Amino acid sequence: MKPITPTQWSFLKRYQGILDSKECLSRRFGEDRCDGRIVRAHMIPRSQLIQIAAQGHVHAVPTRLSPIAQMKRSGFAAEDVGIGNFSTLQCFCARHDKTFFAPLEDVALTFTREQLTLLHYRAMAVEVYIRGNAEDAAANEGRKYLSTDPRREPFYEAFQIQSLAAIAAEEHLKRTEKMINLSRYDEIRAAIIRFDATPVLLSACAFRPLYDVVGTKLQDFSEEAAYIGMHILAVDNKPALVFTWLKDQKPSRRFAKSFCLQPYWQLTTLAVQMAFEYAEHTCMRREWWMSTSKGSRALLLNRVAMANEAASIPYDDFLSFEFLIDDWKCRSIEFVK
Ligand SMILES: [Zn+2]
C-alpha cells in the first residue's frame, strides 16, 4: 500500500484548515450580537457524553481528513476519544453557544417544543457549517487548475454537491431561527422513540432522506430538499431517538413514519445503522462496541467507509434492516404534531 506523500499531507492540512473555519452561525441570518471568541461548541453536550464515557473517553470513528486518509489505506476502525475533543465545532461564539442553547443544556431534557426546535436548529446549523466549509474548500482547491485541466473535475463536482446541500440547509436554518427569535415553536414536528436499556451510543445529525427504510423514493437532492434532524440521546438514563423536521416537509415526515412502522425489535438496529450512515457525530461506549459481533462491526464500519467515498457521489442505497445488531427494547413512540 502506498504511503501518503508529503504533497498529499499538505493538501489534507490545507483542506482541513478550511473545514475548521471559525464562524458564529447565529450571525449569518440573525442580528449581529455576538460576544466573546468563537468557542469549540459540542454538538453532543458534555453532560450526555459523560453518561457513556469510560475514564473520560468515548469510542468513535475518527472524522478528520488525515486519519480518514490513513484508514482508507489500513481499514476503518473506532478508537478512544477524550470527551473534551469529541464533536466540537467552531460554529458559535461564546455568547450564542451559552444563551441560545441554555434551554437544552441547563434544564432536564423532556422534549418540550422549544427543546425540539433547539435540537433541530443546532443540527441544521452544524450541517450549514460543514457543507459551507466543504464548498469553500472544494472551490479553493478547484481554482488552482484551469477549467480544461482534468484535475479540477473532482473539486468542481464536490463543490456542486456541497453547495446544493448548503443552500437547502440554509433555508431550514433560517426558518428554524425565525421560530426561535419569535419564541413560537408551532412549526416543529417530531417523533420520539424511547427505549429501555443502558445508553451505549449517542449521535446527532441532520440529513436529506432520499429513500425511506423500505426503499420508497422520497426525494432527490435539490435546493429545496427536505432535511430531517436525528438525535440519539440519553434521557433519564435510557436511550431516546428523536427525529425532528419542519411542518410541511413531507419527505422527512414519511421517513420518520416508515422508521416508526418497523417492528419494535428492529428499531435499535436501524437507529445504530443510521447513526453510522449519516452521523459524523456518533460515539459509543467502548465496552459495547467491543461486545458487538464482528459482522456488525464490519457492516457499520463499511457504512462509514462508503459515506466517506460519497464525498463526491451521493450514496444511492437505502438504509434497511439486515441483521440484528442490538435491541434496546423500544417502549414507546410519540409523535409531536
Ligand atoms: Zn454569535
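Modeller: Helix α1 packs against helix α7 (residues 113-142) at an angle of about 140°, and their axes lie 8 Å apart. That angle makes α1 oblique to α7. The crossing of α1 and α7 is right-handed. From α1, the residues in contact are F11, R14, Y15, I18 and L19. On the α7 side they are Y129, N133, A134, D136, A137, A138, N140 and E141. Keep in mind that this is a predicted model.

Now follow the chain on from α1. The loop between α1 (6-19) and α2 (26-29) holds C24. C24 is a donor of the zinc ion through its SG atom. Along the chain, their spacing reads C-x9-C-x58-C-x2-H. The site therefore ties distant parts of the chain together: C24 and H96 are 72 residues apart.

How are the four donor atoms arranged around the zinc ion? They subtend angles of 99 to 116°, so the arrangement is tetrahedral. For four tetrahedral donors, the ideal angle is 109.5 degrees.

Look next at H96. H96 lies in helix α5, which spans residues 94-100. Setting aside neighbours within four places in sequence, H96 contacts C24, S26, R33, C34 and F101.

Are C24 and H96 buried or exposed? C24 has 3% relative accessibility, so C24 counts as buried. H96 has 6%, so H96 counts as buried too. The cut-off for that label is under 20%.

For another helix pair, turn to α10 (residues 264-278) and α12 (residues 294-309). Their axes come within 7 Å and cross at roughly 30°. The crossing of α10 and α12 is right-handed. In α10, the contact residues are V272, Q273, F276 and E277. They meet L299, L300, R303, V304 and A307 in α12.

Definitions and conventions:
Residues are numbered from 1 along each chain as its sequence is written. This is a predicted model: local features need pLDDT of at least 70, side-chain atom pairs count only at pLDDT 80 or more; totals for chains, interfaces and linings use all residues. Side-chain values use heavy atoms; hydrogens and water are left out. Donors are N, O and S atoms within 2.8 Å of the metal (3.2 Å for Na, K and Ca); water is not among the atoms, so sites may look incomplete. Four donors count as tetrahedral if all angles lie between 85 and 135 degrees; four count as square planar and six as octahedral if opposite donors are over 155 degrees apart and all others between 65 and 115; anything else is irregular. Helices (H or I, at least four residues) and strands (E, at least two) are DSSP runs, numbered from the N terminus. Buried means under 20% relative accessible area, exposed over 50%, partly exposed in between (1.4 Å probe, protein chains only). Axes are lines fitted to C-alpha atoms, for helices over the stretch in contact, and angles run from 0 to 180 degrees between N-to-C directions. A crossing is left-handed if the near helix is turned anticlockwise from the far one by less than a right angle, and right-handed if clockwise. Contact means heavy atoms within 4.5 Å. Angles under 35 degrees count as roughly parallel, over 145 as roughly antiparallel, 65 to 115 as roughly perpendicular and the rest as oblique.
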